[in-house]
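Q: Could you walk me through this model? I'd like the overall layout to begin with, and then a few details.

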Amino acid sequence: MTEMLNGTDFGGISVHNFSEKIMEQVVHFHVMKLNEGFFLWVGSAPALSNLAVSMSSKYDSMPLSTLVMGDPSNTAANSLAQRLAKRTKKQVFVSYSLPMTDSSLSLLVENRIKKELELHPENF
């Protein structure tokens, strides 16, 4: 497999990584831009503990969303995927691998994603 640099386009898929210290915890973000959507992984350690997908529907103003894998009682990935699909009008895959101990952490993480969307919309 060919090594890819941050932001490199390879076969219709581009990769963008960024990190931020949020509430004394380093949070990593990994975005893979796809043809008609993107995959977003959020976490502090390399783990894929859940995966949700969301996409717009012509029948409802709120995008459809489902958990593909993971604990159904943890709705963070599903909720984030749905809000990002609504905002970007794209199909969104989200893996949210942070502990759900503090709701303010989730809000700050989402705000950081929104900031990155505004600064670098070409990566989503």
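Q: How many helices and strands does the chain have?
A: In this predicted model, the secondary structure of the protein chain comes to two helices and seven strands. Followed along the sequence, these elements give the pattern β-β-β-β-β-β-α-β-α.

Q: And how compact is the chain for 124 residues?
A: Its radius of gyration is 14 Å, close to the 14 Å from the globule rule for 124 residues, so the protein chain is as compact as a globular protein of that length. The C-alpha trace spans about 40 × 35 × 30 Å along its principal axes.

Q: What share of the residues is buried?
A: Buried residues account for 36% of the 124 residues in the protein chain. The accessible surface comes to about 7300 Å², and carbon and sulfur atoms contribute 57% of that surface.

Q: What about contacts between residues 24 or more positions apart?
A: Such pairs make up 49% of the contacts in the protein chain that have a separation of 6 or more.

Q: Switching topic, how many aromatic pairs are there?
A: The structure holds two aromatic pairs. In one of them, Phe-18 and Phe-29, the ring centres are 4.5 Å apart and the planes meet at 5 degrees, so the pair is stacked, given that planes under 30 degrees apart count as such. Phe-18 belongs to strand S2 and Phe-29 to strand S3, so the pair ties together parts that lie 11 residues apart in sequence.

Q: How are Phe-38 and Phe-124 arranged?
A: Phe-38 and Phe-124 form an edge-to-face aromatic pair, with 5.2 Å from centre to centre and 90 degrees between the planes. This pair links distant parts of the chain, since Phe-38 sits in strand S4 (residues 37-43) and Phe-124 in the segment after helix H2 (103-119), 86 residues apart. Phe-38 counts as buried at 0% relative accessibility, and Phe-124 is buried with a relative accessible area of 2%.

Q: Which residues does Gln-91 contact, leaving aside its neighbours within four places in sequence?
A: Gln-91, which is found in strand S7, is in contact with Glu-36, Gly-37, Phe-38, Val-53, Ser-54 and Met-55. Phe-38 in that list is also a member of the edge-to-face pair. The C-alpha atoms of Gln-91 and Leu-40, 51 residues apart along the chain, are separated by 11 Å.

Q: How exposed is Gln-91?
A: Gln-91 is partly exposed, with a relative accessible area of 30%.

Q: Now the backbone: what is the phi of Met-23, and where does that residue sit?
A: Met-23 has a positive phi of about 50 degrees although it is not a glycine, and its place is in the loop between strand S2 (13-22) and strand S3 (25-33). At 42% relative accessibility, Met-23 counts as partly exposed.

Q: And Lys-89, what is its phi?
A: Lys-89 also is not a glycine, and its phi is positive at about 60 degrees. Lys-89 lies in the loop between helix H1 (76-88) and strand S7 (91-97), and it is exposed, with a relative accessible area of 64%.

Terms used
Residues numbered from 1 in each chain as written. Predicted model: local features only at pLDDT ≥ 70, side-chain atom pairs only at ≥ 80, totals over all residues. Heavy atoms only, no water. Helix = DSSP H or I, 4+ residues; strand = E, 2+ residues; numbered from the N terminus. Buried < 20%, exposed > 50% of the residue type's maximum accessible area, 1.4 Å probe, protein only. Phe/Tyr/Trp six-rings, centres within 6.5 Å; stacked < 30°, edge-to-face > 60°. Rg over C-alpha atoms; globule rule 2.2 N^0.38 Å. Contact = heavy atoms within 4.5 Å. Areas by Shrake-Rupley, 256 points an atom, 1.4 Å probe, with all protein chains shown as cover.
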